[in-house]
Amino acid sequence: MLLTATYPRRVVAVQPVERTYAVRTYGCQMNAHDSERLAGLLEDAGYSRADDEAGRSGEADVVVLNTCAVRENADNRLYGNLGHLASVKARRPGMQIAVGGCLAQKDRDVILAKAPWVDVVFGTHNTHALPALLERSRVQAEAQVEVLEELEVFPSTLPQARESAASAWVSISVGCNNTCTFCIVPALRGKEKDRRPGDVLAEVEALVADGVVEVTLLGQNVNSYGTGVGGFGEGLDRGRGNSAFADLLRAVGRVDGIERVRFTSPHPAMFTDDVITAMAETPTVMPQLHMPLQSGSDRVLRAMRRSYRSEKFLGILDRVRAQIPDAAISTDIIVGFPGETEEDFAETLRVVEGSRFASAFTFQYSQRPGTPAATMPDQLPKAVVQERYERLIALQERISEAEAAQQVGRTVEVLVGEAKGKKDGASQRVSGRARDNRLVHVGLPADLPEADRPRPGDVVTVQVTQSAPHHLVADVPAEPTGGQPLRVRRTRGGDAYDRRQLASCGVPVQGSAGAGGAGGGRAVGLGIPTLRAPVA
């Protein structure tokens, strides 16, 4: 079903100029990937990315807010940002504001009722329509609301403009078949739909050709892959009795040129031993696992409709560590679910203590209209939830600090990222991720020639010298002092970063035959007729 609406607009004449865009992302990795697709669609239509300052201040000609609906504060953030953008738009004739993502799918007309200066509202199933909706709103001088109830175009078939030249998201499925009582996502993203493995492998190969060395496979429940599509002989060497996801993981890991493979997020109920074996036996699959716990209480897990119990969860972690001893494991935990007692919370603390997570994403339960949990009795007072939350944070901080301290003295391989740490400039450091996904700040010798500095996308081998709960430090000695010297390995990812930098300066570079345009060329299209950015 397609829901559309239009709202009148005042026509404003503006001078012809090149139009810029900025995409702001809220929420999960799926949203981050969707935002890269939105950026690719806009660039394919002739828009150019606004500089960082213009993007932050809202001074771009088109500002897209890609929203999340999982937490109540997502609503507050959206409308707070829209309030700021209203004043920006009032002094910038021709500016357009678009709201998409899960909250747009859920609220639809509510957004325009609260923020009538918004030009376009689109849902999770029709991201591909953004350029057309912007153009229609501009030409007709009316706000456009278009929300589909079912997926029309699989997002990974759309052009994209990746944030990183060396790393990429690869969506293998969208939607979710589970019915967790706290979660609004299945209602907004629909039932699970899986891509054919041949399509996934073709995308990974195209990304590698474009300079990518690291991919992260994405799905709402990534390890349930295979339930939503047939034809699994295509592109996979099916192991006897193996799950489709285990076989896909091995196949992606065998793609020539790929160096790092990650995935997120699996579901404990469907996490099988063959996936652990595939991780252990595939050198390119990283020793890292994000395994959502949500609660350590079996009673609460039952109320959440999470179809596993605490002992099964702990057993999964034991089997992972038996085959992958250095695996860093992270998790998600909700505190204050309706009816959670002090005894239930004590069970969560017990499981967290036993799990020894490297890190945890912890949340206070948030009532989401439309979910079964929102109408459950025994909603907990804020003060009770806050006190328990602080106890959980204190425990996990202690565990994270102890786990990180065990890394001091170890040699790690760090894939240098494009994002910089707060102190990187002043401390002569670069930052990136170790194989186990820990953040590492690498201190470079002050006299290191510019030509020898690692580029984003290159790999440095260093010895960890300091630790903190949420990062490691590897300061490299300027002269041999018993510490390990800096070893830099140039990669195709670093070459792709160089090409992107040259292209951003207007220097002609040879385009790459990849999906995403990180090599400096325009985002790859699919032969579909495109809309060009209006000159106003």
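Trainee: Arginine 37: buried or exposed?

Mentor: Arginine 37 is buried, at 2% relative accessible area. Buried means under 20% relative accessible area, exposed means over 50%, and partly exposed is in between (1.4 Å probe, protein chains only).

Trainee: Before I go on, what are we looking at?

Mentor: This is a predicted model, where local features need pLDDT of at least 70 and side-chain atom pairs count only at pLDDT 80 or more, while totals for chains, interfaces and linings use all residues. Residues are numbered from 1 along each chain as its sequence is written, and side-chain values use heavy atoms, with hydrogens and water left out.

Trainee: Which side chain does arginine 37 meet in a salt bridge?

Mentor: Glutamate 203, with N to O at 3.0 Å. A salt bridge here is a side-chain nitrogen of Lys or Arg within 4 Å of a carboxyl oxygen of Asp or Glu.

Trainee: How many salt bridges in the whole structure?

Mentor: The search finds 35. Another one joins aspartate 326 to arginine 410, with the closest N and O atoms 3.8 Å apart. Aspartate 326 lies in the loop between H12 and S14, and arginine 410 in the loop between H14 and strand S16 (411-416), so the pair ties together parts 84 residues apart in sequence.

Trainee: And how exposed is aspartate 326?

Mentor: Aspartate 326 is exposed, at 51% relative accessible area. Arginine 410 counts as partly exposed, at 33%.

Trainee: What about glutamate 418 and arginine 500?

Mentor: Their side chains meet in a salt bridge, 3.8 Å from N to O. Glutamate 418 is in the loop between S16 and helix H15 (424-427), arginine 500 in helix H16 (residues 492-504), so parts 82 residues apart in sequence are tied together. Glutamate 418 is partly exposed at 29%, and arginine 500 counts as buried at 17%.

Trainee: Which residues do shared partners join into one network?

Mentor: Glu340, Glu342, Glu387, Arg388 and Arg391, through salt bridges.

Trainee: New topic. At what angle do H12 and H13 cross?

Mentor: Helix H12 (residues 310-323) and helix H13 (residues 342-355) cross at roughly 5 degrees, and their axes come within 10 Å. Axes are lines fitted to C-alpha atoms, for helices over the stretch in contact, and angles run from 0 to 180 degrees between N-to-C directions. H12 and H13 are therefore roughly parallel to each other. That label covers angles under 35 degrees; over 145 is roughly antiparallel, 65 to 115 roughly perpendicular, and the rest oblique.

Trainee: Which residues of H12 meet H13?

Mentor: Ser310, Glu311, Phe313, Leu314, Leu317 and Arg321 meet Arg350, Val351, Gly354 and Ser355 in H13. Contact means heavy atoms within 4.5 Å. By class, this contact has four nonpolar, three polar and three charged residues. Ala, Val, Leu, Ile, Met, Phe, Trp, Tyr, Cys and Pro count as nonpolar, Asp, Glu, Lys and Arg as charged, and the others, Gly among them, as polar.

Trainee: Now sheets. What is the strand order in the one with S8?

Mentor: S8-S11-S12, an open sheet with parallel pairing. Strand S8 (167-171) and strand S12 (260-264) are its edges, each pairing on one side only. Two strands pair if DSSP finds at least two bridges between them. S8 and S11 have five.

Trainee: Which helices lie across S8?

Mentor: H1 lies across S8, S11 and S12, at about 105 degrees to S8. H8 lies across S8 and S11, at about 165 degrees to S8.

Trainee: And the sheet with S13?

Mentor: Also open, with three strands in the order S13-S14-S15 and parallel pairing. Its twist averages 10 degrees from one strand to the next. Helix H14 (residues 382-405) packs on this sheet, touching S14 and S15.

Note on methods:
Helix = DSSP H or I, 4+ residues; strand = E, 2+ residues; numbered from the N terminus.
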